[in-house]
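Work through the exercises below with the structure open. Each task is followed by a stepwise solution.

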Amino acid sequence: MVTNSSVERGPTRPEPRSLARRALVLGTALLLAGAGVTALSGTARAASTLGAAAAEKGRYFGTAVAANHLGESQYASTLNAEFNSVTPENEMKWDAVESSRGSFSFGSADQIVNHAQSRGMQVRGHTLVWHSQLPGWVGGLGASELRSAMNNHINQVMQHYKGKIAAWDVVNEAFQDGGSGARRSSPFQDKLGDGFIEEAFRTARAADPAAKLCYNDYNTDGINAKSNAVYNMVRDFKARGVPIDCVGFQSHFNSASPVPGDYRANLQRFADLGVDVQITELDIEGSGSSQAASYGNVVNACLAVSRCTGITVWGVTDKYSWRASGTPLLFDGNYSKKPAYDAVLTALGGSGGGGGGGGSAGCSVSYSKAEEWSDRFNGRVTVTAGNAPISTWTVSVTVTPPQKISATWNGSPTWDSSGNVMTMRPNGNGSLAAGASTSFGFTVMKNGNSSAPVLGSCTAS
Ligand code: G3I
């Protein structure tokens, strides 16, 4: 039985009669889908880890790793189970590998690379030329000595890892914050001028021609003066044949610096220059459903850009995050999956249940957009029972403000206090046979934002 319920969620509402007619038509289609006429997600078993789900989307899902935690069994088992790419968090930085001139030590970085390689994970190299974590001797050199030290550093480090690194952050954070679009002061900038970035990339290409070469920065995630400056540099490099393959968007977010509304558009404009884009240091301070929704938005943005080749979160567990008090990662300090984990896995098309949202493995969910108008779109969520029958189910749907859900059908919604998180339950009996599906629908008023809603994991009993 299809039930339509129009619920008032915001100032603009669709006209009830036309909405009811649309809902009835759509609801009938959903019923047919639920009866198995249209197969949606009933047969293939969804990937149950971040890495596997990302791989099914042709992408990697990685994490920053610290060598000194690899001996902790839960750290290693979480890393090994969930991720298929690693970035050494500090171990490849200049102060770690060449603390005194010409004397290279790769012990800790080798540990991470060996761990990854023996388990089929790829490695991002981070980072060759950066103003921070730079030993004092570098800043003391004159221009010509500095040029030769920079090129020697790139050559030695890249040749040591030749063939083992998928992508290198060749130059990191070379632009200033704020509206100037200027280069940041550093020994390289101050003594070698703007050309140091180009020189670093040319040296890097020669040192390991197989590695992708990236420029990496923060506060460049949306369209702003800093990202415009990086964009202009990349466009110039592409026009002049300076070797650059990818741009990394660090994506450190919190309430003062949330996921920008034009995140996807910004990734896309860089991709349109002919480079891959990667989300390289993702972490989002917060908790619960709002953190989960932000994570979901980031994953959806990457999936919407075909040249967005992968996502790396900046650490495995909140307890070892560089900003642990903000609990910005996908696993809490006890390695339990957080709602943010569920949102990422679901956005990647995977399904594991059992996450921090209290989910179980009894059902999975998928989202698709139905009709769209200039001011609104209809979303459809399909709930599929797992290997065993279920008697009821629950799914959360989170929209991004100022979006509002203005109507729902074929389910019974409840709302959190923000009005952004809708928890949907079946109308009446939610029984589904093993492998069977049902769907519910809703209308999202865009209010200027067209991003897809974020699904929580499906819980069933
Ligand atoms: O290893 C020493 C230890 O021996 C000493 O006892 C301790 C106390 O001073 O410091 C330890 O080193 C710290 C290191 O992390 C390892 O934990 C450094 O002080 C600390 O400065 C360093 O912080 C790192 C930071 O980069 C440095 O700028 C963070 O772990 C790392 O997550 C962070 O990563 C950066 C990216 O490389 C670039 N983008 C921004 C991102 C976040 O800041």
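**Exercise 1. Find the side-chain partner of Thr443 and describe the setting of Thr443.**

Solution. The model is a predicted one.
- Step 1. Start with the contact: the side chains of Thr443 and Asn378 make a polar contact at 2.7 Å.
- Step 2. Place Thr443 in the fold. Thr443 belongs to strand 17, which covers residues 437-445.
- Step 3. Check burial. The cut-off for buried is under 20% relative accessible area. Thr443 has 0% relative accessibility, so Thr443 counts as buried.

**Exercise 2. Describe the shell around the ligand and identify polar side chains that approach the ligand.**

Solution. 
- Step 1. Count the shell. The ligand is surrounded by 14 residues. The closest are Glu89, Asn90, Lys93, His126 and Glu281.
- Step 2. Seven of its residues are polar, four are charged and three are nonpolar.
- Step 3. Look at the ligand oxygen atoms. In the side chain of Lys93, an N or O atom is 2.6 Å from an oxygen atom of the ligand. For Asn90, a polar side-chain atom lies 2.9 Å from an oxygen atom of the ligand.
- Step 4. Turn to ligand nitrogen. A nitrogen atom of the ligand has a polar side-chain atom of Gln250 at 3.0 Å.
- Step 5. The ligand taken alone exposes 790 Å², and the protein buries 45% of that.

**Exercise 3. Compare the span of helix 12 with the expected span, then list its buried residues.**

Solution. 
- Step 1. Set the limits. Helix 12 runs over residues 288-303 and has 16 residues.
- Step 2. Work out the expectation. The expected span is 1.5 Å times one less than the number of residues.
- Step 3. List the buried residues. In helix 12 these are Gln291, Ala292, Ala293, Tyr295, Gly296, Asn297, Val298, Val299, Ala301 and Cys302.

**Exercise 4. How many disulfides does the structure hold? Assign the handedness of each disulfide.**

Solution. 
- Step 1. Count. There are two disulfides.
- Step 2. Take the pair Cys214 and Cys246. Their sulfur atoms are 2.1 Å apart, and a disulfide joins them. The S-S torsion is about -85°, so this disulfide is left-handed.
- Step 3. Locate that pair. Cys214 sits in strand 6 (residues 212-217) and Cys246 in strand 7 (residues 246-249). The two cysteines are 32 residues apart, and the pair links distant parts of the chain. Both Cys214 and Cys246 are buried.
- Step 4. Take the pair Cys302 and Cys308. A disulfide joins these cysteines, with an S to S distance of 2.1 Å. The torsion about the S-S bond is about -100°, so the disulfide of Cys302 and Cys308 is left-handed. Both Cys302 and Cys308 are buried.
- Step 5. Focus on Cys302. Cys302 lies in helix 12. Its relative accessible area is 1%, so Cys302 is buried.

**Exercise 5. Glu173 and Asn447 have positive phi. Is each buried, partly exposed or exposed?**

Solution. 
- Step 1. Read the angles. Phi is about 55° for Glu173, which is not a glycine. Asn447, also not a glycine, has phi of about 45°.
- Step 2. Locate both. Glu173 is in the loop between strand 5 (167-172) and helix 8 (187-192). Asn447 is in the loop between strand 17 and strand 18 (454-455).
- Step 3. Apply the cut-offs. Buried is under 20% and exposed is over 50%, with partly exposed in between.
- Step 4. Classify. Glu173 has 10% relative accessibility, so Glu173 counts as buried. Asn447 has a relative accessible area of 36%, so Asn447 is partly exposed.

Technical notes
Residues are numbered from 1 along each chain as its sequence is written. This is a predicted model: local features need pLDDT of at least 70, side-chain atom pairs count only at pLDDT 80 or more; totals for chains, interfaces and linings use all residues. Side-chain values use heavy atoms; hydrogens and water are left out. A residue is near a molecule or strand if one of its heavy atoms lies within 4 Å of it. A polar contact is a pair of N or O atoms within 3.5 Å; within protein, one must be able to donate a hydrogen and the other to accept it, and residues adjacent in sequence count only if both atoms are side-chain atoms. Accessible areas come from the Shrake-Rupley method with a 1.4 Å probe; for residues, only the protein chains shown count as cover. Ala, Val, Leu, Ile, Met, Phe, Trp, Tyr, Cys and Pro count as nonpolar, Asp, Glu, Lys and Arg as charged, and the others, Gly among them, as polar. Helices (H or I, at least four residues) and strands (E, at least two) are DSSP runs, numbered from the N terminus. Buried means under 20% relative accessible area, exposed over 50%, partly exposed in between (1.4 Å probe, protein chains only). A disulfide is a pair of cysteine sulfur atoms within 2.5 Å.
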